[in-house]
Amino acid sequence: MTFRSARDLEEADRRDPGLRQLRSTWAPPKGFARLKEINNTFIGMLYVLTGIFFFVVAGILAALIRAQLAVPENDLISADWYNQIFTMHGTTMMFLFAVPMMEAIAIFVIPQLLGARDLPFPRVSAYGYWAYLLGGLMVLTSLLFKVAPDGGWFMYVPLTGPEYSPGYGPDFWLLGIGFIEVAAIAASIELIIGILKFRPPGMSMDRMPIFAWYMLVFGFMILLGFPPLVLGDILLEVERAFDWPFYDADRGGDPLLWQHLFWLFGHPEVYIIFLPGAGVLSTVIPVFARAPLAGYVWVVLAAVGTGFLSFGLWVHHMYTTGIPVMSLSFFSAASLAVAIPSGIQVFAWIATIWSGPGVLFRAPMLYALGAIFIFVAGGLTGVMVALVPVDFQVHDTYFVVAHFHYVLFGGAVMPVFAALHYWTPLVTGRLMSETLGRWSFGLIFLGFNVAFFPMHLTGLRGMPRRVYTYPADLGWDWLNMISSIGAYMVAAGVAVFLWDWLYWHRKHGQVAGYNPWNAGTLEWHSVTPSTNFSMRSVPIVSSTYPLWDEPELGDRVDRGEFYLPDSPDERRKTLRTGSVMGEPRQVIFLPHPAWSPIIAAIGTATFFGLAIFKLWWLCAAAALVIIIAGIIWMWDAEPLPAPNRYDVGRGETLPVHINGADTHGFWAMALLLIFDAAAFVSLIFSALFLWTVNRDLSPPVPEAEPGWALAAAGLAVLASVFFRLGAFANRRGSMIGLVLGPLAGLPAMFASGGALMGSLFDAGISPTENAFSAVYWTFAGWTGFHIGVGTIFIFYTLARALAGKVTPERRQSVMNVELFWHFTTGLALVSLIMIHLWPRVI
Amino acid sequence: MNVIDRDSLVGMVAGPLVWGAHFLTCYIAIAVACAFEFETGGPGEWGTVKTILLAVTGIALALIAVLILLAWHRWMQAGGFEKPRDSTQARHQFMAVGGLLLCFLSVVAVIYAAVPLFFLPACQ
């Protein structure tokens with residue numbers, strides 16, 4: 001009795017109290033209060049819509065670029081405007097479309113693929129989404145006032161430094177994009193924990209839907225790939241706002257430092273975009289080839305291997321910067337090695353198609369095949385430009401433009417269209433039009449090749465990137481004209497797609513009903529559109545394609561035969577399972593809709609928006625809003641019902657609250673600190689890098705009383721010890737100990753931070769003096785920032801303790817805060833080593 | 001968590017981690033050596049840094065070889081190519097083969113990175 005139509009569902013609702021409870025528990029608030037909703041289906045849908053909105057904006061910018069370049073010596077757009085337009089085209093496509101779009105699709109679809117009711121931290125997803133929307137709009141606003149950044153999407157210094165870009169443009173970029181990275185971190189933590197811990201029982205690692213594997217790698221790559229950019233952003237903004245000379249060559253800084261930090265992020269970024277695209281292809285191709293994915297373990301190898309190797313490629317964007325040729329060769333080697341897993345993937349797709357009984361050429365499959373074709377073509381030129389001598393020739397020409405558009409369009413844009421055609425019925429309950437799908441695919445595929453293939457030739461004929469116009473008769477005229485015609489074909493194709501997606505199929509599309517594609521994965525187990533709670537009951541899974549291997553599974557899920565089939569207490573909840581084997585371990589009580597995430601996001605947006613204009617006092621007010629919203633948000637954390645067991649059905653009960661390193665809360669804190677640590681390591685890298693490039697300036701030895709540094713180190717350790725004692729006392733049930741420990745630790749930590757800064761003052765080191773002293777102060781500032789955040793955490797913990805929310809049985813928030821506190825101690829110690837020991841040793 | 005445990009995800013990606021360590025060592029060694037004009041040897045002769053990096057490459061390859069043996073052993077324990085009887089065996093096969101393949105990829109990547117040591121001057 002799987003629900004094969006919406007009517008079945010309504011009928012069942014009348015007879016079946018469990019289903020009714022689930023539907024009312026998960027029903028979104030009505031009217032304006034709907035904005036409070038945090039459920040992944042709602043947030044995912046808004047996310048996807050917003051992603052497509054930014055895609056269209058960036059596409060319009062591309063159309064302007066192609067209009068300007070269609071004929072030589074064109075004066076449609078001025079040079080200044082052109083710089084802003086191409087910068088914003090790249091920035092919007094990369095930061096506001098590509099990465100968020102992949103997060104969007106994953107946030108919507110991953111819980112349904114995994115039989116979870118929601119992601120682990122629905123409010124974090126909601127916060128991330130609103131941050132993304134507001135940040136994106138903030139960055140785009142700069143275009144309306146003609147003050148947009150104009151230094152290219154990678155914002156190279158010194159062009160974007162205080163001397164050559166005194167306006168607000170780079171600040172919009174640095175603070176706006178820096179803000180959007182918050183959304184990326186939120187999504188990455190959400191997805192990693194969701195995939196590792198929120199799978200249905202029986203879904204061990206070897207049975208995960210392949211898309212989940214890709215998104216797991218994606219999550220870890222964001223976690224380690226974004227921090228260098230965050231750090232680079234901070235350093236550049238601090239240089240612009242306060243004149244700390246990290247990139248100023250006159251004072252020991254180096255513009256190449258920016259390039260390193262940017263590409264340490266920027267190259268993994270390419271794969272952060274490509275891997276989800278490949279995940280979509282690995283999902284869609286088996287469905288339409290009607291065969292399981294060939295070589296599952298090989299594809300997992302490809303995803304994981306690509307994830308690793310992509311971190312060894314960053315210098316291939318910097319071949320022409322004068323780095324020793326031996327170093328370049330290491331990166332060239334890694335760039336060639338990464339072709340191996342990419343190739344394996346492509347062969348696995350071909351093998352899948354081969355092994356099936358024949359391909360169904362429906363719209364998602366057309367887009368998938370188009371993606372393979374375009375991506376492979378881009379991959380081949382990729383192997384060419386991975387070679388140092390070839391790159392010397394084509395660097396900064398249209399050849400490179402052609403290469404990376406092939407890779408990104410094939411690796412991300414086409415898969416996104418495939419994914420939207422494939423998964424849209426989950427939202428609207430209707431299939432998109434096949435006829436319009438063929439038209440949009442045809443126009444986009446042909447148009448793309450018409451637009452970008454000639455660019456290889458324009459590049460080989462020497463046309464440089466980023467020029468707003470060019471003289472006639474250099475052999476570039478007709479090639480550019482063809483490219484522009486192709487670009488407008490793509491635009492027409494996108495218009496056809498949008499018409500169908502936003503309007504036509506909703507009115508006239510075929511009703512999708514039950515499993516319209518005959519797919520094998522769980523999101524299609526019942527009638528479309530899917531419910532807010534994903535599954536009537538959380539199934540036990542025994543294969544990678546449960547719907548193919550157990551045709552009656554959907555029936556049993558909908559009959560409520562498995563876990564959590566009802567919700568008599570009207571609380572939203574989901575199962576937590578073991579990371580590797582997927583055995584049920586805990587029932588998670590999920591939060592209900594609330595205003596706090598959206599208020600925190602508005603506060604954060606206000607903070608970054610005001611920072612652009614250096615209105616620091618108003619920034620502080622905005623920070624206060626964030627803190628208050630955050631505390632309200634966290635206040636109901638750690639629900640502990642009595643008794644601490646919940647009947648999950650099938651005669652089993654599971655605990656609701658547990659403490660320890662295995663909980664999703666602790667993992668979230670740990671992952672956040674990994675992100676933080678990666679940014680801190682990037683700062684250490686910056687110090688070492690500046691040391692290797694400075695011939696006549698070595699890191700100054702702070703000639704301070706050694707007492708300062710020793711006191712700082714001792715006090716930091718003491719603070720940690722106090723906190724440990726407090727946590728230990730709590731475990732023993734001593735409320736006084738719990739309060740006294742952190743209260744004693746706090747002044748110790750403050751004194752430690754004070755001594756750290758005191759040592760710099762005492763030595764007379766000023767941050768604007770040279771790049772090294774600026775780095776020293778950044779170390780101190782980094783530690784100080786953590787002490788500040790740690791202080792808020794301490795008072796929050798104490799308030800919880802006084803409200804009776806911290807007990808020996810309910811100590812998870814103390815554990816999380818303690819982890820943060822020890823981490824801060826670690827930062828203080830490493831900062832001291834870098835400031836006081838390192839310059840003496842070298 | 002036991003890293004060489006059959007169900008360890010960290011164990012599965014140990015090969016690429018060795019590659020990462022080797023890659024970073026090579027990059028940092030050359031960057032520092034060239035910045036401070038340590039003795040690196042001219043074209044065609046072996047300098048100190050090159051010798052060290054070759055040794056590091058040897059160690060990295062040896063480590064991966066050990067990991068390959070471990071993964072191979074785990075795979076054979078899980079029945080090798082045999083069709084798995086139950087979900088535990090299937091999972092063990094998957095984790096072992098996954099680790100093994102990642103090790104092979106790492107061997108190739110480490111050798112790729114070492115090739116230029118034989119042909120190129122260090123700092124030019």
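# Exercises on a predicted two-chain model

In this predicted model, 34 residues of chain B are in contact with 30 residues of chain A.

**Exercise 1. Find which elements of chain B touch chain A, and which gives the most residues.**

Step 1. Look for elements that give two or more residues to this side of chain B: they are α2 (14–35) and α4 (87–119) of chain B.
Step 2. α4(B) gives the most, with 16 residues.
Step 3. Sort this side of chain B by class. It has 28 nonpolar, four polar and two charged residues.

**Exercise 2. Describe the make-up of chain B: how many helices and strands does it have?**

Step 1. Count the elements. Chain B has four helices and zero strands.
Step 2. Read them from the N terminus on: α-α-α-α.
Step 3. Check burial. Of the 124 residues in chain B, 41% are buried.
Step 4. Take the contacts in chain B with a separation of 6 or more. Residues 24 or more positions apart account for 67% of them.

**Exercise 3. Decide how α12(A) and α15(A) run: roughly parallel or roughly antiparallel?**

Step 1. Locate the helices. In chain A, α12 spans residues 363–386 and α15 spans residues 434–460.
Step 2. Take the geometry. The helices pack at an angle of about 10°, with their axes 9 Å apart.
Step 3. Apply the cut-off. Angles under 35 degrees count as roughly parallel. The two helices are therefore roughly parallel to each other.
Step 4. List the contact. α12(A) brings A363(A), L366(A), Y367(A), G370(A) and I374(A). From α15(A) come E434(A), G437(A), R438(A), F441(A), F445(A) and F448(A).
Step 5. Sort these residues by class: seven are nonpolar, two polar and two charged.

**Exercise 4. Examine α5(A): what is its reach from first C-alpha to last, and how many of its residues are buried?**

Step 1. Find the helix. α5 of chain A covers residues 122–144, which is 23 residues.
Step 2. Compare the spans. The helix reaches 34 Å from its first C-alpha to its last, close to the 33 Å expected at 1.5 Å a residue.
Step 3. Count buried residues. The helix is mostly covered, with 19 of its 23 residues buried.
Step 4. Look past the end. K146(A) follows α5(A) and has a positive phi, near 60°.

**Exercise 5. Work out in which sense β3(A) and β4(A) pair, and over how many bridges.**

Step 1. Locate the strands. In chain A, β3 is residues 646–649 and β4 is residues 652–654.
Step 2. Read the pairing. It is antiparallel, over three bridges.
Step 3. Pick one pair. D647(A) has T653(A) in β4(A) as its bridge partner.
Step 4. Inspect the turn. The hairpin has two residues between the strands, and R650(A) takes a positive phi near 55°.

Notes
Residues numbered from 1 in each chain as written. Chains lettered and ligands numbered in written order. Predicted model: local features only at pLDDT ≥ 70, side-chain atom pairs only at ≥ 80, totals over all residues. Axes fitted to C-alpha atoms, helices over the stretch in contact; angles between N-to-C directions. Parallel < 35°, antiparallel > 145°, perpendicular 65-115°, else oblique. Contact = placed C-beta atoms within 7 Å. Nonpolar A, V, L, I, M, F, W, Y, C, P; charged D, E, K, R; others polar. Buried ≥ 20, exposed ≤ 12 C-beta atoms within 10 Å, placed from the backbone. Expected span 1.5 Å × (residues − 1). Pairing = 2+ DSSP bridges.
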